[in-house]
Structure formats: C-alpha cells, structure tokens
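Student: I have a structure to go through with you. Can we take it piece by piece?

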Amino acid sequence: MNGASRFIVRPGRRFGGVAIVPGDKSISHRALLLGAIANGLTEINGFLASEDCRATLAALRAMGAAIDEQAPDRLSVSGLGPNGLQRPPGPLDLGNSGTAMRLLIGLMAGQDFSTELTGDESLCRRPMERVAAPLREMGAEIDTTNGKPPVCIKGKTKLSGIDYRLPLASAQVKSAVLLAALYAQGQTRVIEPAVTRDHTERMLPAFGVPVTHGERTAAIDGPARLTGARIDVPGDLSSAAFLLGAAFLSERDPVTIERVGINPTRTGVLAVLGLMGAEIRTENHTTMGNEPVASLIGLPSALTGATIPPELVPLAIDEFPLIFALAACAKGETRVTGAAELRHKESDRIAVMIQALRKLGIDAEESADGARIAGGRPCGGTVDSHDDHRVAMALAVAGMMATAPVTILNVDNVATSFPGFVPAMQSLGLDLQYEPGSGK
Ligand code: S3P
C-alpha cells in the first residue's frame, strides 16, 4: 500500500483555540434537493462544499437544475417546480454518498422519467432495499442490483400515500419516503422504531409544506408544492465532534467551536461522551431556520470507559468511530451494544475500528452489534482507514495520545464530509501531516 494517501500524526497534547467547522452535511443535501423541486429561488448559506454534497449538486444539475455558486458555501437554486427535473443523459454517479443515493431514490420515484443511480466501490456495497421496499409499497418500480447499487427507478408511476413503520432506525429511509410523499396522492405517515435526525421534517415547512411531526412520527399530505426558501446551514456537529474529541485529550486548553447545530436528534455524541467524563459546555444558544445552534466548548477531561446505552446509538450514529477512538484513550472499559448498523456505513465501522485499535496495541474486540474496548495508551504504527472519512479522522485524534507516530492510510475521503480537516486540526495544535497518494 505504498502509494496510498496518508495522515501522519505525531503524539502531543497541546491542542486548543477557537474554530468553526463547515456546514452540516445532512442539511446541505436536503436544502439542494428541496430547492430544486420548489417554485422560485432557494438561497443556501453555509452549504457544505464537500464531495458528498457536490455529488447531489452535480446530479441535480445533470437533471437541468440551475444552481449558481456565488461562493463555495453560498449557492442559489432556481427551482424547477415539482415536475421540472429532466431525464439525465446517463446514470447519476453519487460517489461515496449514501445520503445522496438514498434521498435521491425517494425523489426519483416521483419523476416522470427513469433514472439509474450508481456510486463508488464503497457505496456499491451498501444496502438499498431498505429504501426500495417502502417506495414499492407506494407504487414505485425500483430495481436494485442484488439489493445494492446500481439502482434503477422507473418513472411515470403513480404513487399513493402509505403508513410506513420503519423496521430500522434510519433517517435516510425516512427521508426518502417523505420525499416520495411529496409526489403521492393522500397522506404518507412514517413511524420510526427510535428517534433519528429530523432535518427533513424541520426543513419542509420552510418550503411551505406542513408536516405533522410527533416524537417518532412524521406525516405529509401529497401531492405538495414547495416554494423557494432561504436556508442557513449550521456547522456540522459530526465534524465538530473530532475537534471536541481532541480537546478532551488536550493537556491544558479548551476548544470553542462556534455556530454548531445542536438538533437534539444529533446530540447523542455529547451525551455518550458526557457519560465518559467529557466536559462540554454550550453557550450563545440561538436558532438558524428551524435548527437549534450553539457554541460548543470542549475542555481537557479525564475520560473513563462507559457502558453506552443502546438507545443513544441512533442519536450518535456517525460518531462511533470517534467514540471508539476516545474509548481507547480512556481509563477503563467501554462497551457498545445495539450498534449493528455501524457495519453498513462507509465501511464496516465496527470491524475497521477494532482492527485499527488492536494494531495500535489496544485490547479491543468486536461483537455482532458492538464492541468492547479496554482503554489504555495506543502505541505508534500504521493503520488503514479503509477509505472511510470518519475512521480516518477518529484515528487522527487517537494519534495525539500514542507513544509514537501513527500513520493512517487511505484518507482522501475525508473531503467527502470535512474539507479543511487538516488545516483546522493543525491550527488548533495537532501535529498532523497529509501526504497525497502516488497514483492508483
Ligand atoms: C443521514 C442519516 C444517517 C447517517 C448519515 C446521514 C442523513 O444514516 O449515518 O451519515 O442525512 O439522513 P442512516 O439513515 O443510514 O442511519
């Protein structure tokens, strides 16, 4: 693997300062998708100009949407109305983005043309039947490839509203059904087994679509017409988490991250890390659109192992690579259960994280739906992120505490969610170096 891109982290616990993080990934995808099918102009400020969100942007452009980029994080979308998208010239390649693919499957189910959606090697290993099944119940015709991408969505089908009880906690599946519901006759209601991120439900009313939103339910009357909106995107808590994680390991100084989204369906990571002894404060509470926002302050903390309550898992689903990395640096044992979904993310995050931590000398083992990690001090060495952005960033944080430098391979996908991760961490004090790969 000599040609692989890599991070090299030299241990050190001087870390602290003030930072901002790029816009929220989930909100950025949704603002583009809803803007494209609204009537009139949608302005998006704080857009996450990452590879994942740009995959959604490119797909919408390929279907005729006019998206003007005034700055990388400031866009305006001239909405085409509900039936204005056009058949793209070929398959839409969504790169590494599961959110782009799953949300687009829902949106495409309502169009009067057929589409094929595909992606990179990792995305083509991820399950898509979970989205196709409820959409078929609504009347859509969808073919997956053995349950995975490429996915073909046949246009010109009539959709009807359904009552759908999700068999698993997934905001992507819920949102795909709600997007199709915008095109369906009658009411669509989704019922979740556990609360998941509710950005779609919060954003639709800004576009003029009423949503009846209970604790684990959301309902929409279709067909709906959307009116362009102004969406201000808060900083992404899932990116801020890496800065906070490093702050907890820091020797002396706090880290303040301004203007971060603290939607309660996303803050499971703060609760989990709180159980592990992390000291977190919030201040400057405000709202951006329909989303709560605050400055987050992470203080140097004495982290301890904890048994993570399974009900917190869906609320912290993207932060488990970091939670595993911090558990490896904490005093005592951490146990995670109820997290089998981690095996279906950009990589099998249970297997990949446990393999990396063991390589760094940590006593850790996987179970079918979680892991046990005995905290300690990682040793130096070379580990592989398996092209998973959050695994790469989490291992970079663990490198702070190692006894010797840690090299993390295959890190280019960090740009899918957190472009600017390296300079952000460097400016706060992490001794982190990026080396590009030498060809494929
Ligand atoms: C997302 C939902 C979650 C999360 C992903 C973004 C979203 O996935 O892991 O990064 O924007 O709806 P699942 O719906 O598969 O849980």
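Student: Is Glu-346 buried or exposed?

Tutor: Glu-346 is buried, at a relative accessible area of 8%. Buried here means under 20% relative accessible area, exposed means over 50%, and partly exposed is in between, with a 1.4 Å probe and protein chains only. This is a predicted model, in which local features need pLDDT of at least 70, side-chain atom pairs count only at pLDDT 80 or more, and totals for chains, interfaces and linings use all residues. Residues are numbered from 1 along each chain as its sequence is written, and side-chain values use heavy atoms, with hydrogens and water left out.

Student: Which side chain meets Glu-346 in a salt bridge?

Tutor: That of Arg-126, at 3.9 Å from N to O. A salt bridge is a side-chain nitrogen of Lys or Arg within 4 Å of a carboxyl oxygen of Asp or Glu. Arg-126 is buried too, with a relative accessible area of 3%.

Student: Where do the two sit in the chain?

Tutor: Arg-126 is in the loop between strand 7 (115–118) and helix 4 (129–137), and Glu-346 is in the loop between strand 19 (333–336) and helix 10 (349–359). The pair links distant parts of the chain, 220 residues apart. Helices (H or I, at least four residues) and strands (E, at least two) are DSSP runs, numbered from the N terminus.

Student: How many salt bridges does the structure hold?

Tutor: There are 26. One of them joins Asp-24 to Arg-266, with the closest N and O atoms 2.9 Å apart. Asp-24 lies in the loop between strand 2 (17–20) and helix 1 (25–37), whereas Arg-266 lies in the loop between strand 15 (255–261) and helix 8 (268–275), so this pair also links distant parts of the chain, 242 residues apart. Both Asp-24 and Arg-266 are buried.

Student: And what does Asp-318 pair with?

Tutor: Asp-318 forms a salt bridge with Arg-197, the closest N and O atoms being 3.1 Å apart. Asp-318 is in the loop between strand 18 (307–308) and helix 9 (320–328), and Arg-197 is in the loop between strand 11 (186–191) and helix 6 (199–203), so the pair ties together parts 121 residues apart in sequence. Asp-318 is buried at 11% relative accessible area, and Arg-197 is buried at 12%.

Student: What else is around Arg-197?

Tutor: Its side chain makes a polar contact with the side chain of Ser-26 at 2.9 Å. A polar contact is a pair of N or O atoms within 3.5 Å; within protein, one must be able to donate a hydrogen and the other to accept it, and residues adjacent in sequence count only if both atoms are side-chain atoms. Leaving out residues up to four places away in sequence, Arg-197 touches others including Arg-30, Lys-174 and Arg-266, where contact means heavy atoms within 4.5 Å.
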